[in-house]
Amino acid sequence: MSSRELHGYVAMSRAELRLFRREPFSIVFVLAFPLMMMMLLAAVFGNDPESADDIENGMLIWRGVTPADYYTAASVAAVIAALGLLTLPVNLAGYRERGILRRMRASSVPAWVVVAAQLTLAVITFLAGALVMAVVARFGYDATMPDDVIGVVVALLVGALAFGSIGLLLAALVRGSRAAQGIGLMLFFSLWLISGTAPPRAVLPSTVRDIGGLLPLSHLVTAIQDPWFGAGWSFDHLAALVAYAIGAGIPALYFFRWD
Amino acid sequence: MTAVIDVAALHKTYGDTVAVDDVSFTVEAGEIFGILGPNGAGKTTTVECVQGLRDADGGAMRVLGLDPATQAAELRQHIGSQLQDSALPGRMRVAEAVELFAAFARHPADTDELLARWRLDELRNHAFDSLSGGQRQRLFIALAFVNAPEVVFLDELTQGLDPQARRATWDLIHEIRDGGTTVVLVTHFMDEAEQLCDRLAVVDRGRVIAIDTPQGLIDGVGLSSVVRFTATERDLSWLERIDAVESISRRGEAVEIRGTGPVLALVASELVAHGIVPLDLRVERPTVEDAFLQLTGRTVRE
């Protein structure tokens, strides 16, 4: 990695950010959708401290906090999943389909710069989205802010790594941006429904809960919620996310195609 | 002259299809070298292998002393590429694109100068999606020059352009060569190859079937020229004594003479000697297209 490549990476990331700002639709889906879901779920299930003790199937439904607090932390995880499963593969597959990757390659753009610029864009959009969500949750319904900020940040980074790798693998395996969009939407909503981001996992039938428990989004939800609610770092969930990052990341790099 | 590109027995297959079948050619420094052939002849695959954008199955290549198969990254710092079917993000603007790609060049060209040279000044803030076909091609040429290359590869540069934009693009290619850059031009347009190229490789079904100057190709297939004029003279049989003349046919006053070599000059001087000075004396010389049809035995499929 030469200093020229590093300079190129900065230039590419800035170009991607500019393009993102000019694309109204991607902003709506990535930033507005999870924010709206968070507000609606918080509004539907409320912020009553008594709900914190609700039990179903022998489990605390809201993990000992109010429904609104529960969904604030969970929705931050949903943004990461949306970026990884949808934005990243749709962008990259679209670039490949339209010959943009070919153009970049011919101009000496290294593969890592293409990928790193997309990941950088994803992280920056995520930070913006998470900030907006935190502000809305804090001032909208007085949601609890993270108890252990460092623990939450670590969980977010590990989650971004896992979903970034999964997104890159999807981008490498699908043919075009339409396929990426279809598969990405299907994966995102399936995960969203069974990972505690929509119905809490306690109310799910046990088979669905067990399957969901193996998938990356529920690991991420728990890894974020535990330090957020003061239950400490959840090393087993973080380890599972690292395993997803490696398991998807290595084949993603191997299968990366320019055209 | 030194060879900047040397390709020997290049071979590439896709499944059962042989795309490039033992293609060999050399390109000299400073020339415009054309690769001419119908769509699907293997032209693009050939130049993509030469640029290190695609792996060959066999053969040996040297480009500027580098091996495209193993030194592709180094090679791309020295060559410029205008690719078929490539694009930029729709909302990326002209100046942004040039500046972005300049960031990856070891010896970047001055971006303002590039924009001015390819008449993109006025379009600096235009999004890629809003550009016309000709404007996009100018932008792609500018991008090909962003690393001050020694060789540029131009693949079907004028595809989809209207006649005016095509002519303007031809002028640009002459400008490139005048600037000292070697040009490899891939095209299926016969007139383009004839107008622009110093030398041509005619490619069909993955094979090189001839390499020569445009005129050399035409002369090589031995097609006759046709001289036409009108004359009221009844008897023109004395024209048949000229060696270069093969046949004479008449329809009323219209005379048509088929012949080879300097047939026009010889016929003209003989006519003048006999006191005949037709105003409409003209010659139809065979073109690269005629030579191509003769060489391949079929028409170019669009």
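**Close-up 1. Strands β1 and β2 of chain B pair side by side**. In this predicted model, β1 (residues 3-14) of chain B joins β2(B) in the antiparallel sense over 8 bridges. Strands here are DSSP runs of E with at least two residues, while helices are runs of H or I with at least four residues, and both are numbered from the N terminus. Two strands count as paired if DSSP finds at least two bridges between them. To find one such bridge, look for B:T13, whose partner in β2(B) is B:V18.

**Close-up 2. An open sheet of 3 strands in chain B**. Its order is β2-β1-β4, with antiparallel pairing. At the edges lie β2 (17-28) and β4 (58-63) of chain B, each pairing on one side only. Neighbouring strands are turned by 15° against each other on average, direction ignored. Helix α1 (residues 43-50) of chain B packs on this sheet and touches β1, β2 and β4 of chain B. The direction of α1(B) makes about 120° with that of β1(B). Axes are lines fitted to C-alpha atoms, for helices over the stretch in contact, and angles run from 0 to 180 degrees between N-to-C directions.

**Close-up 3. Where chain B meets chain A**. Here 23 residues from chain B and 19 residues from chain A take part, with contact meaning C-beta atoms, placed from the backbone, within 7 Å. On the chain B side, α2 (72-76) and α3 (94-102) each give two or more residues, and α3(B) gives the most, with 3 residues.

**Notes.** Residues are numbered from 1 along each chain as its sequence is written, and chains are lettered from A and ligands numbered from 1 in the order in which they are written. Local features need pLDDT of at least 70 and side-chain atom pairs count only at pLDDT 80 or more, whereas totals for chains, interfaces and linings use all residues.

Key: Two residues are in contact if their C-beta atoms, placed from the backbone, lie within 7 Å.
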